[in-house]
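Me: I would like to go through the terms used for this chain and see what each one rests on. Please set the values against the cut-offs.

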Amino acid sequence: MKEDVKYNDHLKELLEQLPKGAFLTVKDGDKLNTMTIGWGTIGFIWQKPVFVVMVRKSRYTYQLLEIAKEFTVSIPVNKDLKQALAFCGTKSGREFDKFKECNLTPEPGKVVNTPVIGECDLHYECKVIYQQSMEPALVAESIKKLAYSKGDYHVMYYGEIVACYVKE
């Protein structure tokens with residue numbers, strides 16, 4: 001059973017799990033992929049609840065997201081999915097069916113066409129309302145050294161949260 005909750009009801013759980021990993025899932029037609037994210041933020045912008053995720057242009061997910069313009073974020077709160085998170089964070093959807101390899105279940109979203117990860121407890125469904133490629137000249141040197149030594153900058157996707165729920 002999926003119980004609707006307000007987008008900010010479970011921020012504590014989200015923010016505690018996010019550095020350990022969450023699943024960002026995108027579907028374009030019959031192409032489906034999930035990847036591990038460890039960064040992101042939720043806020044309130046343009047009178048809307050928004051989940052901001054970052055995807056590098058080199059990622060397979062980026063190609064799908066550029067067309068789909070929607071995504072889901074699934075948070076494993078009560079289940080240990082470390083192995084699946086590790087696999088989905090290091091292998092490319094170009095070469096692997098991550099759902100099959102990790103025994104993950106794609107479950108239909110409530111609002112968007114992109115599924116959520118059935119093994120997770122907390123889900124956000126989002127529609128992209130803005131995106132921005134990072135401008136390297138505007139990034140602090142300490143962040144460049146930390147995350148962009150290879151020059152592979154992120155695109156930031158601002159997704160309006162159109163559904164948020166917990167799985168009972």
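Reply: What follows takes the labels one at a time, for a model that is predicted.

Me: How do you know how many disulfides the structure holds?

Reply: The structure holds zero disulfides. A disulfide needs two cysteine sulfur atoms within 2.5 Å. The sulfur of cysteine 88 has its closest cysteine sulfur in cysteine 102, at 4.0 Å, so that pair is too far apart for a bond. Cysteine 120 is in no disulfide either, as the nearest cysteine sulfur, that of cysteine 88, is 9.8 Å away.

Me: Are cysteine 88 and cysteine 120 buried or exposed, and what makes them so?

Reply: Buried means under 20% relative accessible area. Cysteine 88 has 2%, so it is buried. Cysteine 120 also has a value of 2% and therefore counts as buried.

Me: What share of the chain is buried, and how much of its contact count comes from residues 24 or more positions apart?

Reply: Buried residues are 48% of the 168 in the chain. Among contacts with a separation of 6 or more, 73% are between residues 24 or more positions apart. The accessible surface comes to about 9,000 Å², and carbon and sulfur atoms hold 50% of that.

Me: Why is leucine 14 called buried?

Reply: Leucine 14 lies in helix 1. Its relative accessibility is 1%, and the cut-off is under 20%, so leucine 14 counts as buried. Leaving aside neighbours within four places in sequence, leucine 14 is in contact with Ile42, Phe51, Ile75, Leu122 and Tyr124. Glycine 40 is 26 residues from leucine 14 in sequence, and their C-alpha atoms are 9.8 Å apart.

Me: Why is glutamine 17 called buried?

Reply: Glutamine 17 belongs to helix 1, which covers residues 11-17. At 13% relative accessibility, glutamine 17 is under the 20% limit and therefore counts as buried. Beyond its neighbours within four places in sequence, glutamine 17 is in contact with Ile75, Pro76 and Leu85.

Me: Is proline 19 buried or exposed, and how do you know?

Reply: Proline 19 is found in the loop between helix 1 and strand 2. Exposed means over 50%, and proline 19 has a relative accessible area of 61%, so it is exposed. The C-alpha atoms of proline 19 and glycine 38 are separated by 4.6 Å, although the two are 19 residues apart along the chain.

Me: Which residues of helix 2 are buried, and what covers them?

Reply: In helix 2 (residues 60-68) the buried residues are Tyr60, Thr61, Tyr62, Leu64 and Leu65. Their cover includes strand 2 (22-28), strand 3 (31-37), strand 5 (48-56), strand 6 (70-75), strand 9 (122-133) and strand 10 (154-167). Just after helix 2, lysine 69 takes a positive phi of about 60 degrees.

Technical notes
Residues numbered from 1 in each chain as written. Predicted model: local features only at pLDDT ≥ 70, side-chain atom pairs only at ≥ 80, totals over all residues. Heavy atoms only, no water. Buried < 20%, exposed > 50% of the residue type's maximum accessible area, 1.4 Å probe, protein only. Contact = heavy atoms within 4.5 Å. Areas by Shrake-Rupley, 256 points an atom, 1.4 Å probe, with all protein chains shown as cover. Helix = DSSP H or I, 4+ residues; strand = E, 2+ residues; numbered from the N terminus.
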